[in-house]
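Take a walk through this protein model with the structure open beside you. Where do its rings pair, and where does its surface open?

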Amino acid sequence: MISEKFENLIVKFLCGAITQKELEELEQWMAEEENQRIFQEYVRVNYALILGANDPDSSVIRAKLLEKIHGNQKPPSKRYTFALFLKYAALVVLTLGLCYFLERELTNPSNTTAIVPEREAITLELETGEVVVIPENGSTRITTSNGTIIGQQQGQQLTYDQKPPGNQLQYNTLHVPFGRRFNLTLSDGTKVFLNAGSSLRYPREFLPGRSREVSLEGEAYFDVTHHQMPFEVLSTPVKVRVYGTQFNVSNYQEDPDTEVVLLKGSVGLSASQNNEENQMVVLQPGYKGAFNKSEHLIHTQRVDTTLFTSWIRGDMVFRNTSFENILKKLERQYNVTIVNNNTSLAKEHFNAIIATKDESIEQVLSYFKTLHDIQYSIVENKIVIN
């Protein structure tokens, strides 16, 4: 049986919150082969649980963890060293939610301060300047003030009818505020998933014989319907041209880079003010193209695409990400203001997954407070990190 002390140390190790002194103590405990087996089970089960655990009840998660660990009494096939376990555990996907709930169960931290993020409406701006508020939920037809039907809303999805186009383009602009996400199906069948704090300008119907062009501010995932006419995404200072593919574009004004990540098909990436084909960088699936706004250069690299599209499922994935970058993304997703007065902490890096659909901003902050000794105060909708 494992003592509560070393159970605590393993959980802190898996959450990346263990101190050097605690790590040395854990290494000494691992000198025994049976303890190595226990540690291995914690790593294995933690990885399995974070892939399927959506239940925010800490007692349920901890019960599952202990049940799986104590239910497997098979001896290891060979002796493992602590260094090997460190290498193995480094591959584990860390989840803020799981670590928070486990640590809360073990140490019982208390933080009763409530943060109430603002809830702004999703709006649709028409060619005429009229603004239509998209209802929170439900199923309804979106219409103009004179009764013209624009499209059909079904929950978090707005679909445009695939009807014969007119003789001129009429643009709509969908605005998704911080703290919200929304999906859109364009008149050609192209699916667009808009992240928090994003806007998309697009024609109600695309005209035959002309390229399908939309403009993006913020972040969106595109699943483009294949067509003989190209599909172009203008996201100043970048233009993305495709014919039928799946890709993610992230271009928030405050970010230093505009990023395009390709999942399927092929896209051409160029500066929006440059129309010369020989200046276009072609991406292959599994690659990211990043346009640096200050250098005006495009850099490409192979990436794990799931890290850039997890937001569609309601997760935020961070791999070796600075704390200041994490805070910036938390502000968008939760629609809160975060002031960080701890300048040394801003450059520290973390690995984590935050299930924003299940975890409140209080839970995320409690994780950092409990495991990383981060102190903060709350004034209305503003969070101040000291």
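What follows goes from the whole chain to ring pairs, a strand residue, a pocket and some backbone details.

This is a predicted model: local features need pLDDT of at least 70, side-chain atom pairs count only at pLDDT 80 or more, and totals for chains, interfaces and linings use all residues. Residues are numbered from 1 along each chain as its sequence is written, and side-chain values use heavy atoms, with hydrogens and water left out.

Start with the whole chain. It has 10 helices and 23 strands. Both are DSSP runs numbered from the N terminus: helices are H or I with at least four residues, strands are E with at least two. Of the 386 residues, 48% are buried. Buried means under 20% relative accessible area, exposed means over 50%, and partly exposed lies in between (1.4 Å probe, protein chains only). The chain exposes about 19,000 Å², and carbon and sulfur atoms supply 48% of that area. The areas come from the Shrake-Rupley method with a 1.4 Å probe; for residues, only the protein chains shown count as cover. Among contacts between residues at least 6 apart in sequence, 57% join residues at least 24 apart. A contact means heavy atoms within 4.5 Å.

Now the aromatic rings. The whole structure holds 7 aromatic pairs. Rings of Phe, Tyr and Trp (its six-membered ring) pair if their centres lie within 6.5 Å; planes under 30 degrees apart count as stacked, over 60 as edge-to-face and the rest as tilted. Look at F193 and Y221. Their ring centres are 5.8 Å apart and their planes are at 55°, so this pair is tilted. F193 sits in strand β8 (residues 191–194) and Y221 in strand β10 (residues 212–223), so the pair ties together parts 28 residues apart in sequence. Both F193 and Y221 are buried.

Next come F206 and F231. Their centres lie 6.3 Å apart with planes at 65°, so this pair is edge-to-face. It links distant parts of the chain: F206 is in the loop between β9 (198–203) and β10, F231 is in strand β11 (residues 231–235), and 25 residues separate them. Both F206 and F231 are buried. Ring pairs also link F206, F222, F231 and F247 into a cluster.

R332 lies over the face of Y252, 3.6 Å from the ring centre. K369 lies over the face of Y376, at 5.8 Å from the ring centre. The test is NZ of Lys or CZ of Arg within 6 Å of the ring centre and within 35 degrees of the ring normal.

T123 is in strand β1 (residues 122–125). Its relative accessibility is 17%, so T123 counts as buried. Leaving aside neighbours within four places in sequence, T123 is in contact with V131, V132, V133, I134, T173, L174 and H175.

Turn to the backbone. A cis peptide bond joins T236 and P237, with omega about 15°. P237 is in the loop between β11 and β12 (238–242). H296 is not a glycine, yet it has a positive phi of about 60°. H296 lies in the loop between β17 (287–292) and β18 (297–302). N320, also not a glycine, has a positive phi of about 50°. N320 is in strand β19. At 57% relative accessibility, N320 counts as exposed.Last, the largest pocket has a volume of about 770 Å³. Its largest lining share, 6 residues, comes from β19. On a 1 Å grid over the protein atoms alone, a pocket is an open set of points where a 1.4 Å probe fits, with protein on both sides within 12 Å along at least five of seven lines; lining residues have an atom within 4 Å of a point. The volume is the space filled by probe spheres set on the points.
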